[in-house]
Structures are given as structure tokens and as C-alpha cells.
Amino acid sequence: MDSCEYEQIEPRARPTPAPTPPTRDGREERRRPRRRWEVFPGKNRFCCGGRVIMARQSGVFPLTLGLILLTCGLFFIFDCPFLVQHLTSCIPAIGGVLFLFVLLTLLRTSFSDPGILPRATPDEAAEVEKQIDGSGNASYRPPPRTLEVAINQQPVKLKYCFTCRMFRPPRTSHCSLCDNCVERFDHHCPWVGNCVGKRNYRFFYAFIVSLSFLTAFIFGCVATHLALRAQGGRGLVFALQESPGSAVELAICFFSVWSILGLSGFHTYLVASNVTTNEDIKGSWSGKSGEGVANPYSHRSAVLNCCATLCGPMPPSLIDRRGFLPQDESVQAGDTQPPAAAPVSQINVVGGASRPTLALQEPLNSSSADAS
């Protein structure tokens, strides 16, 4: 095999862009300005002009939505008329409020930005190369893989993300399904079809807790409905024949209420401890990892931890998915010609792909220390 030859690409070696084709009336056609979500590098799907964001692999989100709609629809059709006639009219009102709250929190969790961090720009990558290699050597040299910072006087190691080309801020992790770094990453939930992170965790928690109440409420109402119909010696079979939809509701609620209640209890424990699912699985603060350090993010109070996790101000989205691209970037993104030459901060390998450079971003809300 021939040895690879390396050549440095000059910044002026950019090919001349092709002229804009004229329209029928002889005037040049202006390119439509493109928004950032149209060229977003992560594995996400966007709808409604970038207002709705989901993971490209939506998982079983349609099944979740379908089961909720089916169960509640059967409840309002088969059970509510009988219960209103024999008990009280408050039952459909309570069920309607719970159903709307569950539906709104589910959609808010699934269709919102979970806290995605933007990837480093080429300028940031070039700046980090200068910081790493101060001698001016153009050879590729990766940065350190960890960076140690102090949070509440406790050292915390930050890992370098070679995909996003930055040091991940505290509690940030890279989701392999969405291909994004997410702030305060909890987990990727296939049931809601999205990552659960800093910006949508409160809605996810409200969804599973309200779904627990809704499932238990429907289960109790259906059981009461069938018991009233079976009175007088007519039996359960007669009651199911009179209301066949109640049998479907009873089966769905019976097999799902236990897992939903368990999930709600587990996340209530996480909220009270100010721990994420990712940290709990890895044992970051419980001694499972072998370090045996205390949780630096805990406020040492369950009430304060709940308030900090669920009642804090909503952080803004950092990816600006509906913002317009600069004119030069928009033209490059929509150009069908061969891609432009790489900048000086990249090295082209003849006979192979170019190797991207790496960037460093300072961690958020923490005091930086020397890299280990």
C-alpha cells in the first residue's frame, strides 16, 4: 500500500461558487434563507417549521398515545354514563381534567427541546488547537479526555465529547440515539420518543405522576361499574356482556398500573435526592463506581431538591433551531456542487477523509481547574 501523503490546504483554495441561475424573466433567482433546524446535525425530526422537535427514532410513542386515547375513550363511552346515573356527575369531570393534563404533559415532553447543547464551531476548534499545541505545529493532536472542575468544593471530572467537540458541562451526557449532548441528561425514553433532560424533565415527571392517578382512577371506576352491574345475582359475565369496553379498560389498567406506579415512585426518589437516572445507574454518588463521593448537587433537603428540580426557572433553548443561517452558510448548505475546501484547521489526507479538529468550551456554572 502506498504511503499516505499529507498536504496543507490554504484558505484561499476555495472554489469559486457557481453563478445563480437566472429565472425566466432574466432576473437572478434569490435563494430562500434557510433556518438552522434544516441543517441540524443531530438525529432529530422537526415539524411545524422547527417548532416541534422529536427523536428520529420515535420508539413506541404512538403506542403510548394510542393506549391513553383508547382507554380514556372507552371509559367516557361505556362507564361514565352509568356512573353518572347511579353515583355522581363529578366522575367524568375528574376523568376529563386528568386526561387533558396527561395529554398536555406527554406532548410537552415529546415535542420540546430536552436541553440540547450546540456543537462547537470551526473557529472554536481552531482556538483550542492553538491552546493545545502552542508551538505552532500543524500536526493533529487530540486534547485531554477529561477536565477537572470544582462544584461545591468537590472535584468533578468532565469528559470530552469528540462528536460535539467540547467538554461536556456537569451532568451532561451524549445520547447515542439522538446524537446530541443533553444538559442534565436523565435518560432517553422510548415511550415519549425523546430524550429527558434539563428542559423537559419537569413535564416528564408530571406526566408519569398524573398518568398514575388517571390509571388508578379509571381502574377503580371500572371495577365499581362492573360491581354495580353484577348486583342482584346477575354475575360478572352479565356485567361484561352489558359493557364489553370495560373489560378492555380493566385489562389495560391492571397490567400497566403497577409499572407506572413503580416508575413514579422511583422518579420521586430521584427528585427528592436531586439525582438523575443516568447518575443512579452509574452509581456516581452512591459508591457503586468505587469513588464514594457525596452528591455535590444535593441541597441536603428533600423539599429544596424538589423545588430546585421542578420549580426552577425554565432555561432557554440553546440551539436556536428557528434562527436563520448567515447568508454564506445558507448558500453552502443548499449548494449541490462539491463541498468547499476545508479551512486551515483541518488536514487533508490524500486517499482518505479529512480529520476534524476538536474544540474546548468552558464548563457552565463551575470553576475550572487544570486538566488532569
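Of the 372 residues in the chain, 39% count as buried. The model is predicted. Its accessible surface comes to about 21100 Å². Carbon and sulfur atoms hold 59% of that surface. The chain contains 9 helices and 12 strands. Among contacts between residues at least 6 apart in sequence, 68% join residues at least 24 apart.

Confidence comes next. The mean pLDDT of the chain is 77. A value of 70 or more is reached by 73% of the residues. Helix α2, residues 90-110, has the highest confidence, at 95. Strand β11, residues 347-349, has the lowest, at a mean of 33.

Now the annotated segments. The unreviewed UniProt entry gives "transmembrane region" for residues 60-78, 84-107, 203-228 and 248-272. In the model, residues 60-78 are 95% helix and 0% strand. The end C-alpha atoms of that span lie 27 Å apart. Residues 248-272 are 100% helix and 0% strand. Here the end C-alpha atoms are 36 Å apart.

Helix α6 covers residues 244-273 and includes Phe254. Phe254 belongs to a nonpolar surface patch, together with Phe255, Trp258 and Leu261. Phe254 has 39% relative accessibility, so it counts as partly exposed.

The salt bridges number 5. One of them pairs Asp113 with Arg199, with the closest N and O atoms 3.9 Å apart. Asp113 sits in the loop between α2 and α3 (122-132), and Arg199 in the loop between β10 (194-196) and α4 (201-229), so the pair ties together parts 86 residues apart in sequence. Asp113 is buried, with a relative accessible area of 0%. Arg199 also counts as buried, at 13% relative accessibility.

Lys198 forms a salt bridge with Glu183. The closest N and O atoms are 3.8 Å apart. This pair links distant parts of the chain, 15 residues apart: Lys198 is in the loop between β10 and α4, and Glu183 is in the loop between β8 (180-182) and β9 (187-189). Lys198 is partly exposed, with a relative accessible area of 32%. Glu183 counts as buried, at 11% relative accessibility.

Arg229 and Glu242 form another salt bridge, with the closest N and O atoms 4.0 Å apart. Arg229 lies in helix α4 and Glu242 in helix α5, residues 235-242, so the pair ties together parts 13 residues apart in sequence. Arg229 counts as buried, at 18% relative accessibility. Glu242 is partly exposed, with a relative accessible area of 42%.

Most residues other than glycine have a negative phi. Gln153 has a positive phi, near 60°. Gln153 lies in the loop between β4 (146-151) and β5 (154-161). Its relative accessible area is 82%, so Gln153 is exposed. Asn274 has a positive phi of about 55°, although it is not a glycine. Asn274 lies in the loop between α6 and α7 (277-282). Asn274 is buried, with a relative accessible area of 5%.

Note on methods. Residues are numbered from 1 along each chain as its sequence is written. This is a predicted model: local features need pLDDT of at least 70, side-chain atom pairs count only at pLDDT 80 or more; totals for chains, interfaces and linings use all residues. Side-chain values use heavy atoms; hydrogens and water are left out. Patches are made of residues with over 30% relative accessible area and no salt bridge: like charges are joined within 9 Å, nonpolar side chains (Val, Leu, Ile, Met, Phe, Trp, Tyr) within 5 Å. Accessible areas come from the Shrake-Rupley method with a 1.4 Å probe; for residues, only the protein chains shown count as cover. A salt bridge is a side-chain nitrogen of Lys or Arg within 4 Å of a carboxyl oxygen of Asp or Glu. Helices (H or I, at least four residues) and strands (E, at least two) are DSSP runs, numbered from the N terminus. Buried means under 20% relative accessible area, exposed over 50%, partly exposed in between (1.4 Å probe, protein chains only). UniProt positions are given in the numbering used here, feature names are shortened, and annotations may be inferred rather than shown by experiment. pLDDT is the predictor's confidence in each residue, from 0 to 100. Contact means heavy atoms within 4.5 Å.
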